[in-house]
Amino acid sequence: MTNLRAFESIENALNVSKEEAKKILEKAIIGQETTEEESGEWFEQRFFPNCVFIDEDGYTRMCIDALKILSTTAATDYGGSRQRDLGQLWADMTRGYLGELAFLLYLEKRWKIDAKLGHEVGQLEEYLPMDIHQIKEVAGEYRPPKLKISVKTTKWNGIWLDIPGDQFNHSDIHVLVKVGTGRDHLFAFFKKISVFRDKVLKKGEEIGCLTGKESELLFDSLPSFKPIPAYICGFVIQNKKYQELSYTGKKGKKHYKILSWNGPINPGDLDIIKNREGVEGSVTFEGIGEFAHDSGYLFNTGNLIWKEDEWKTLIDRM
């Protein structure tokens with residue numbers, strides 16, 4: 001199967017645009033999940049079998065769960081000092097919860113395990129090391145899993161599983177999920193449940209700032225909701241020996257770009273790489289440039305565990 005056929009397979013299987021399908025494939029290649037020549041096998045063996053779809057009811061539940069703790073969540077922007085407004089924070093939290101829901105759907109679809117998240121109990125700090133709080137096999141009853149599983153969510157263009165600080169050591173397994181949400185998923189949901197037509201636009205017509213025709217045109221221009229695809233990209237294991245400075249990269253005339261990483265990252269690592277590789281300019285990471293922290297664990301998606309027998313070993317331990 002050629003690159004073109006893999007690209008078309010993504011477009012058809014996920015019902016996404018050509019541009020979105022192209023981005024998914026390009027990022028899989030950049031993340032070293034596959035190569036252009038092997039992208040057909042990647043689609044058939046890794047990507048599509050590990051995809052699920054989140055429907056309107058699932059989106060609603062995660063949207064409401066995020067809303068419930070919105071007022072008690074720090075609004076800082078991923079470790080920086082910039083404050084996100086509540087709308088952005090709500091959308092970001094909803095996206096994170098969609099990744100967790102996608103993993104539940106995956107457990108049910110591939111492994112016949114019914115699982116529950118822990119959004120309704122405890123404090124936020126209690127959720128961080130353990131996103132899956134209850135599981136139930138076909139013939140069993142709900143029980144806590146034997147492993148602490150953390151689920152991280154990124155967009156289609158994400159190629160890194162980034163676990164800052166000491167979070168890596170607080171969970172047994174870290175799963176990465178790519179969710180097909182852009183900047184407009186909350187708007188699309190509001191359009192679907194008629195927030196715009198019955199509230200916002202109606203109010204605009206009532207006070208005379210919109211005509212009926214303008215209201216219709218504006219409504220039609222808004223994004224429409226459709227089932228959201230999500231890709232369970234893979235996982236890493238906490239109880240495993242990782243090497244320091246486990247990177248690969250590419251040196252240009254002046255700068256150096258890190259293309260892969262598989263383990264701990266510590267303060268000063270980039271300076272060591274700069275000296276080791278004889279770099280005059282800067283050392284940056286593919287796709288993102290730099291992270292908001294310099295301490296934790298980092299993996300490119302090509303270094304994640306994903307094969308069926310590896311998933312089965314993990315499921316048996318749960």
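**Exercise 1.** Is Glu-137 buried, partly exposed or exposed, and what is its relative accessible area?

*Solution.* Keep in mind that this is a predicted model. Start with the value: the relative accessible area of Glu-137 is 33%. Next, recall that buried means under 20% and exposed means over 50%. Glu-137 is therefore partly exposed. Now look at its partner: the side chain of Glu-137 meets that of Arg-143 in a salt bridge, 3.0 Å from N to O. Arg-143 is partly exposed too, at 23%.

**Exercise 2.** Find out how strand β6 (residues 173-179) sits in the structure.

*Solution.* Let's begin with a general idea: in a regular strand the side chains alternate between the two faces of the sheet. On one side of β6 you find Ile-173, Val-175, Val-177 and Val-179, and on the other His-174, Leu-176 and Lys-178, all of them buried. Seven of the seven residues are buried, so β6 is largely enclosed by the rest of the structure. Then check its neighbours. Strand β4 (residues 149-154) runs parallel to β6, joined by six bridges, and Lys-152 has Leu-176 as its bridge partner. Strand β7 (residues 228-237) pairs with β6 in the antiparallel sense over seven bridges, with Lys-178 opposite Tyr-231.

**Exercise 3.** Follow Lys-178 into its network of salt bridges.

*Solution.* The network links Lys-178 with Glu-33 and Arg-46. Within it, the side chains of Arg-46 and Glu-33 meet at 3.9 Å, N to O. Arg-46 belongs to helix α3 and Glu-33 to the loop between α2 and α3, so the pair ties together parts 13 residues apart in sequence. Finally, check burial: Arg-46 is buried at 2%, and Glu-33 is buried at 10%.

Conventions. Residues are numbered from 1 along each chain as its sequence is written. This is a predicted model: local features need pLDDT of at least 70, side-chain atom pairs count only at pLDDT 80 or more; totals for chains, interfaces and linings use all residues. Side-chain values use heavy atoms; hydrogens and water are left out. Buried means under 20% relative accessible area, exposed over 50%, partly exposed in between (1.4 Å probe, protein chains only). Helices (H or I, at least four residues) and strands (E, at least two) are DSSP runs, numbered from the N terminus. Two strands pair if DSSP finds at least two bridges between them. A salt bridge is a side-chain nitrogen of Lys or Arg within 4 Å of a carboxyl oxygen of Asp or Glu.
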